[in-house]
Amino acid sequence: DLVLAAAQLVKIFPGIRFVMIGDGEDRSVLERLLKRLGLRSNFILPGWKPQPEVYLPVFDAVVVPSRWEALPYVLLDAMAAGCAVVATTVGGMTDAIKDDISGLLVEPRSPTALAGALNRMLSDPLFARRLGTNARDWVTNNYPLAGMLQRIEKLYLNGMTQA
């Protein structure tokens, strides 16, 4: 979906670059699609990186175009870094992002909506910065590290006593 959105965005922002950190079994499919659409030069594919969150502050936006997801750490990491985020309306992402306040939400499997949201952010850097600031504030207030670790530990301990 991101690649198809990119095909629309390069018409507006010819020099746009996308960085896809990570790797998986579909990488060759992705590379073939990029080549077929003439987008290979617009994508940087560094593969798996330890601590990918260190790269987040340099991105104009972070995109989580999942078709299914619970609450991905990458979303919380991006929000904590103050990044403008575009994500799909699946799983816990709708709990973490308040649309048009701390990020933008789009329907899954909609490259056109994804492109529209990214176009809006890239065309209005002040808007994107405000989304990122609001996202960072929300994560700081709702997911401080110590509290998260305590909740996870409690969840595991409760699960073990019920087993």
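Predicted model: local features only at pLDDT ≥ 70, side-chain atom pairs only at ≥ 80, totals over all residues.
In general, the strands of a sheet pair through backbone hydrogen bonds, in either a parallel or an antiparallel manner. In this model, three strands form an open sheet in the order β3-β4-β5, and their pairing is parallel. β3 and β5 are the edge strands, each with pairing on one side only. On average, neighbouring strands of this sheet are turned by 15 degrees against each other, direction ignored. Three bridges link β4 and β5 in the parallel sense, and Val-86 stands opposite Leu-104 in β5. Helix α3, residues 73-80, packs on the sheet and touches β3 and β4. The direction of α3 makes about 155 degrees with that of β4.

Strand β1 (residues 18-21) and strand β2 (residues 43-47) run parallel and are joined by three bridges. Here Phe-18 stands opposite Phe-43 in β2. Together with helix α2, which covers residues 27-36, β1 and β2 make a β-α-β unit that is right-handed.

The buried residues of α5 include Pro-111, Leu-114, Ala-115, Ala-117, Leu-118 and Met-121. These residues lie on the same side of α5, because they cover an arc of only 165 degrees around the axis. As background, an α-helix has 3.6 residues a turn, so residues three or four places apart point the same way. Several elements cover the buried residues of α5, among them helices α1 (2-9) and α6 (125-142). Strands β3 (62-64), β4 (85-88) and β5 (104-106) also take part in this cover, and these are the strands of the open sheet described above.

Ser-66 sits in the loop between β3 and α3. Is Ser-66 buried or exposed? Its relative accessible area is 13%, and since buried means under 20%, Ser-66 counts as buried. Leaving aside residues up to four places away in sequence, Ser-66 touches Thr-88, Val-90, Met-93 and Pro-108.

How values were computed. Residues numbered from 1 in each chain as written. Heavy atoms only, no water. Buried < 20%, exposed > 50% of the residue type's maximum accessible area, 1.4 Å probe, protein only. Helix = DSSP H or I, 4+ residues; strand = E, 2+ residues; numbered from the N terminus. Arc of directions from axis to C-beta. Contact = heavy atoms within 4.5 Å. Pairing = 2+ DSSP bridges. Axes fitted to C-alpha atoms, helices over the stretch in contact; angles between N-to-C directions. Right-handed = clockwise from strand over helix to strand, strands pointing away.
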